[in-house]
Amino acid sequence: MQNTNIKVEKTEVLSDNWYTLKKITFTVQKKDGTTETQSREAYDRGNGAVILLYNTSTKNVILTRQFRMPTFINGNADGMMIEACAGLLDDDHPEECIIRETEEETGYKISKVEKVFEAYMSPGSVTEILHFFIAEYSSEMKIAEGGGLEDEGEDIEVLEIEIEKALQMIESGEIKDAKTIMLLQHVRLKNLV
């Protein structure tokens with residue numbers, strides 16, 4: 001249901017170099033009945049999907065490690081992040097996207113995924129909705145090295161880590177990626193591994 005207390009007055013594109021940064025000026029009717037004009041910036045990079053691969057017999061999960069510039073300029077000394085496999089939808093259905101991304105990034109060919117939830121990851125400034133998935137994997141499903149697509153500048157290391165170690169890495173600060181933390185805690189809460 002559309003919020004009738006908000007009226008967009010003006011939208012300006014501030015940047016469209018990589019994705020789109022917009023400044024939106026809007027009028028909002030407050031709880032006391034008065035109206036106020038405000039403006040906010042919103043970064044639109046499209047929607048995405050993320051997956052945690054888990055193995056019930058080995059109690060392992062598949063994660064990735066790659067360089068992330070925004071973390072590097074905000075205190076992450078080497079800029080490397082340990083994350084669950086993820087990607088932008090690029091007009092694909094979320095399930096199709098995450099199956100493709102899984103093979104590109106990790107080298108595992110999966111055919112069945114389970115959607116567990118959706119979330120806005122940074123709703124104060126980023127428009128993205130992220131679709132969260134889990135899937136079981138086995139060594140037989142490994143068909144390639146993974147590592148991402150070279151033409152997209154990806155240089156991804158694939159990690160196979162015991163779930164207990166991964167959970168400890170959250171506490172130690174080795175894993176600081178929100179989507180990864182959410183999925184690791186989900187599989188633990190559901191006693192999947």
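Visitor: How many residues does α2 have, and what distance does α2 reach from its first C-alpha to its last?
Guide: In this predicted model, helix α2 has 13 residues and reaches 17 Å from its first C-alpha to its last. That is close to the 18 Å expected at 1.5 Å a residue.

Visitor: Which residues of α2 are buried?
Guide: The buried residues of α2 are Pro94, Cys97, Ile98, Glu101, Thr102, Glu104, Glu105 and Thr106.

Visitor: And what covers the buried residues of α2?
Guide: The cover includes the strands β4 (48-55), β5 (60-67), β7 (85-88), β9 and β10.

Visitor: What follows α2?
Guide: Gly107 follows α2, and its phi is positive, near 85°.

Visitor: Let us turn to His131. Where is His131 found, and is His131 buried or exposed?
Guide: His131 is found in strand β9, which covers residues 129-136. His131 counts as buried because its relative accessibility is 9%, and the cut-off for buried is under 20%.

Visitor: What is His131 in contact with, leaving aside its neighbours within four places in sequence?
Guide: With those neighbours set aside, His131 is in contact with Gly48, Ala49, Val50, Leu89, Pro94, Lys115, Phe117 and Glu118. Pro94, one of these contacts, is also among the buried residues of α2.

Visitor: Now the aromatics. How many aromatic pairs are there?
Guide: The count comes to five aromatic pairs. One of them joins Phe67 and Phe72, with ring centres 5.7 Å apart and planes at 55°, so this pair is tilted.

Visitor: What is the relative accessible area of Phe67, and of Phe72?
Guide: Phe67 has a relative accessible area of 39% and is partly exposed. Phe72 is also partly exposed, with a relative accessible area of 39%. Another aromatic pair, Tyr108 and Tyr137, is edge-to-face, at 5.1 Å centre to centre and 70° between the planes.

Visitor: Why does the pair of Tyr108 and Tyr137 tie together parts that are apart in sequence?
Guide: Tyr108 lies in the loop between α2 (94-106) and β8 (114-120), and Tyr137 lies in the loop between β9 and β10 (157-162), so the pair ties together parts that are 29 residues apart in sequence.

Visitor: Are Tyr108 and Tyr137 buried or exposed?
Guide: Tyr108 counts as buried at 6% relative accessibility. Tyr137 is buried as well, with a relative accessible area of 4%.

Visitor: Which residues form an aromatic cluster?
Guide: Trp18, Tyr19 and Tyr43 form one aromatic cluster.

Visitor: On to the sheet. In what order do the three strands of the open sheet run?
Guide: The order is β1-β2-β3, and the pairing is antiparallel. The edge strands are β1 (6-15) and β3 (35-44), each of which pairs on one side only. Neighbouring strands of this sheet are turned by 20° against each other on average, direction ignored.

Visitor: Over how many bridges do β2 and β3 pair?
Guide: Strand β2, residues 20-29, pairs with β3 over 10 bridges in the antiparallel sense. Among the residues involved, Ile24 has Arg40 in β3 as its bridge partner.

Visitor: Finally, where does Asn74 lie, and is Asn74 buried or exposed?
Guide: Asn74 lies in the loop between α1 (69-72) and β6 (80-83). Asn74 counts as exposed because its relative accessibility is 68%, and the cut-off for exposed is over 50%.

Visitor: What separation is there between the C-alpha atoms of Asn74 and Glu36?
Guide: The two C-alpha atoms are separated by 33 Å, and Asn74 and Glu36 are 38 residues apart along the chain.

Notes:
Residues are numbered from 1 along each chain as its sequence is written. This is a predicted model: local features need pLDDT of at least 70, side-chain atom pairs count only at pLDDT 80 or more; totals for chains, interfaces and linings use all residues. Side-chain values use heavy atoms; hydrogens and water are left out. Helices (H or I, at least four residues) and strands (E, at least two) are DSSP runs, numbered from the N terminus. Buried means under 20% relative accessible area, exposed over 50%, partly exposed in between (1.4 Å probe, protein chains only). Contact means heavy atoms within 4.5 Å. Two strands pair if DSSP finds at least two bridges between them. Axes are lines fitted to C-alpha atoms, for helices over the stretch in contact, and angles run from 0 to 180 degrees between N-to-C directions. Rings of Phe, Tyr and Trp (its six-membered ring) pair if their centres lie within 6.5 Å; planes under 30 degrees apart count as stacked, over 60 as edge-to-face and the rest as tilted. The expected span of a helix is 1.5 Å times one less than its number of residues.
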